[in-house]
Amino acid sequence: MPRLLQSRKTEHLHVLTIGSLLTWTSALGAAPAPPAGPLDGTITPLDDDALWRVNDHGKTRRELARHSKLDAEAYEEFGKEMLQMCRFVKPILAMTPPDPTTISLDALRKLMFLGQRFRALPAEEKYNQVQLMTMSAVDFLDQWFETDVLKATMAASGIIGTFLGIRSPGTAYVLLHHYMGEIDGAFRAWGLPKGGTGAVSAAIASAARAAGAEIGTSASIGKILVENGSAVGVALENGDVFRAKVVASSVDPRRTFLSMVGREYLPDEFVQDLRRYRFRGSSGKVNLALDALPNFTCRAGPGAHLRGAISISPSIDYMERAYDDAKYGRYSRRPYLDVVIPSLTDPTVAPPGKHVMSCFVQYAPYHLVGSDWDSERDRFGDAVIDTLSEFAPNIKDIILHRQVLTPLDLEREFGLTEGNIFHGELTREQLFFLRPVAGWARYRTPIRHLYLCGSGAHPGGGVMGAPGHNAALAILKDWR
């Protein structure tokens with residue numbers, strides 16, 4: 001259920017924030033972030049071999065050359081081009097989307113800014129940018145590479161959080177969205193915060209308290225209070241009422257408006273657009289407590305290959321077959337898995353000699369045909385472990401405990417509608433000035449003094465705090 005997380009008082013403004021702690025990253029100033037343990041590359045196990053890309057450029061080049069000398073050459077050029085695309089897109093992430101249907105000076109200035117930036121790109125980068133926004137991940141990568149396992153693993157970033165296959169148009173942009181992950185300014189760098197991702201929220205909470213915020217947890221929201229068309233506070237399910245001049249919600253748009261506000265306060269057209277806003281949760285999670293490290297047949301024994309990501313994406317056909325199951329309302333019998341072992345980077349998350357393994361699983365459609373998730377949860381977990389055992393045969397013998405989270409569990413426990421980790425798919429018709437709906441993509445809403453500050457607003461999901469940053473600027477601008 002959505003929670004009341006923060007109430008901040010200043011001399012002029014009292015803000016209630018419900019949902020994610022990440023919304024305060026900018027409003028309160030950067031908190032001391034927990035140190036991040038870098039993930040050293042990605043290994044993709046095969047039946048009798050592997051593709052292992054690491055953070056060392058020379059080693060990765062030599063590894064790629066084993067599979068294809070042409071791909072080893074192209075990989076460097078691809079990285080340079082993607083870096084330029086990231087630099088072009090990154091400023092847009094921090095922008096309040098202009099509404100192209102208005103004639104306001106602010107919207108015109110932003111549209112001119114975007115046009116001038118695009119016009120300044122070299123011709124080749126213009127082509128790449130258009131292709132990234134329109135093509136499938138596989139079709140885009142086909143222009144660069146020939147190695148099947150390389151394309152399958154790279155294309156996997158294009159389907160995260162979407163109910164699409166790697167050959168579906170539009171997934172090339174999602175690939176770019178994930179390519180922009182960075183640590184200390186280095187794009188495509190990934191890491192695990194010490195103490196787990198919750199340590200990031202704890203650091204932000206610490207900064208919030210230092211700035212005067214009061215934080216409440218386990219406080220389920222009943223309603224957002226609306227008087228004369230304005231949000232004036234929230235009522236908890238236990239009957240407690242908190243009033244404020246501003247309410248900021250990082251709960252997903254459907255829950256915020258249709259459950260917590262109520263359609264009686266909203267324009268009919270806005271409600272209809274919200275009902276068309278697509279979630280289509282497509283992923284689940286399996287967490288394992290292990291008595292020892294998994295032993296992969298492609299690279300036996302412990303080693304540095306286990307300190308990075310382990311991608312079960314051996315071929316394009318494998319990925320497409322996983323999607324075929326989902327298209328017809330079934331979870332993937334042999335799913336795509338994105339696996340990490342956080343205890344190798346941060347020993348504090350497991351007892352000495354033990355380990356934890358986190359498996360992101362796709363596909364797991366929210367709507368199952370002929371069954372339901374309460375009935376299928378254990379079989380879904382078994383399918384994940386059976387798939388892992390094809391590459392690490394000892395995995396079943398070393399599991400001490402397991403936690404299986406289906407899309408329904410993500411909805412029940414974390415308030416993610418249909419289990420969508422991004423508060424709505426990152427598809428082209430739900431991006432930029434169309435997120436969450438046309439005409440209301442500027443963090444303001446049809447309810448005065450109610451703002452969206454979560455992943456259902458531009459630029460979408462990810463552990464980056466960008467929607468909260470942008471919403472905070474909109475609130476400050478409105479309440480100067």
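Visitor: Why does Pro45 count as buried?

Guide: This is a predicted model, and in it Pro45 has a relative accessibility of 1%. Buried means under 20%, so at 1% Pro45 counts as buried. The residue is found in strand β4, residues 42–45.

Visitor: What does Pro45 touch, apart from residues up to four places away in sequence?

Guide: Pro45 touches Ala50, Phe296, Cys298, Ile310, Ser311, Ile312, Pro314 and Phe391. One of these, Pro314, is 269 residues away along the chain, yet the C-alpha atoms of Pro45 and Pro314 are separated by 6.8 Å.

Visitor: What makes Val261 buried?

Guide: Its relative accessibility is 0%. The limit for buried is under 20%, so Val261 counts as buried. Val261 lies in helix α9, residues 253–261. Leaving aside neighbours within four places in sequence, Val261 is in contact with Lys223, Ile224, Val226, Thr256, Leu266, Ile447 and Leu450.

Visitor: How far apart are the C-alpha atoms of Val261 and Pro91?

Guide: They are separated by 32 Å, and the two residues are 170 places apart along the chain.

Visitor: Is Thr406 buried or exposed, and why?

Guide: Thr406 has a relative accessible area of 0%. Not counting residues up to four places away in sequence, Thr406 touches Trp373, Arg377 and Phe380.

Visitor: Why is helix α7 called mostly covered?

Guide: Nine of its nine residues are buried. They are Thr171, Ala172, Tyr173, Val174, Leu175, Leu176, His177, His178 and Tyr179.

Visitor: Which residues of α3 are buried, and where do they sit around the axis?

Guide: Asp106, Ala107, Lys110 and Leu114 are buried. They cover an arc of only 105° around the axis, so they lie on the same side of α3. An α-helix has 3.6 residues a turn, so residues three or four places apart point the same way. The face turned away from the buried side carries the exposed residues Leu105, Arg109, Met112, Gln116, Arg119 and Ala120. What covers the buried residues of α3 includes α2 and α15 (466–478).

Visitor: What makes phi of Asn228 worth a remark?

Guide: Phi of Asn228 is near 55°, a positive value in a residue other than glycine. Most residues other than glycine have a negative phi. Asn228 has its place in the loop between β10 (221–227) and β11 (230–236). Exposed means over 50%, and Asn228 has a relative accessible area of 75%, so Asn228 is exposed.

Visitor: Is Glu418 buried or exposed, and what is its phi?

Guide: Phi of Glu418 is also near 55°, again positive in a residue other than glycine. Its relative accessibility is 12%; with the limit at under 20%, Glu418 counts as buried. Glu418 lies in the loop between α14 and β19.

Visitor: Which form does the peptide bond from Arg435 to Pro436 take, cis or trans?

Guide: That bond is cis, with omega near 5°. Most peptide bonds are trans. Pro436 is found in the loop between α14 and β19 (450–452). The bond from His458 to Pro459 is cis too, with omega near 5°, and Pro459 has its place in the loop between β19 and α15.

Visitor: What is the volume of the second largest pocket, and which residues are closest to its centre?

Guide: The volume is about 440 Å³. Of the 17 lining residues, the closest to the centre are Ile92, Gln129, Met133, Tyr173 and Phe432. Elements that give two or more residues to the lining are α2 (69–93), α3 (105–120) and α4 (123–134). The most comes from α2, with four residues. By class, the lining has 14 nonpolar, two polar and one charged residues.

Visitor: How many cavities of 30 Å³ or more does a search of the whole structure find?

Guide: The search finds one. About 30 Å³ of space lies in the largest cavity. Its lining is made of Pro97, Pro98, Asp99, Phe433, Gly439, Trp440, Ala441 and Arg442, which divide into five nonpolar, one polar and two charged.

Methods
Residues are numbered from 1 along each chain as its sequence is written. This is a predicted model: local features need pLDDT of at least 70, side-chain atom pairs count only at pLDDT 80 or more; totals for chains, interfaces and linings use all residues. Side-chain values use heavy atoms; hydrogens and water are left out. On a 1 Å grid over the protein atoms alone, a cavity is a set of points where a 1.4 Å probe fits but cannot get out, and a pocket is an open set with protein on both sides within 12 Å along at least five of seven lines; lining residues have an atom within 4 Å of a point. Grid points are joined across faces, edges and corners, and a volume is the space filled by probe spheres set on the points. Ala, Val, Leu, Ile, Met, Phe, Trp, Tyr, Cys and Pro count as nonpolar, Asp, Glu, Lys and Arg as charged, and the others, Gly among them, as polar. Buried means under 20% relative accessible area, exposed over 50%, partly exposed in between (1.4 Å probe, protein chains only). The arc is that of the directions from the helix axis to the C-beta atoms. Contact means heavy atoms within 4.5 Å.
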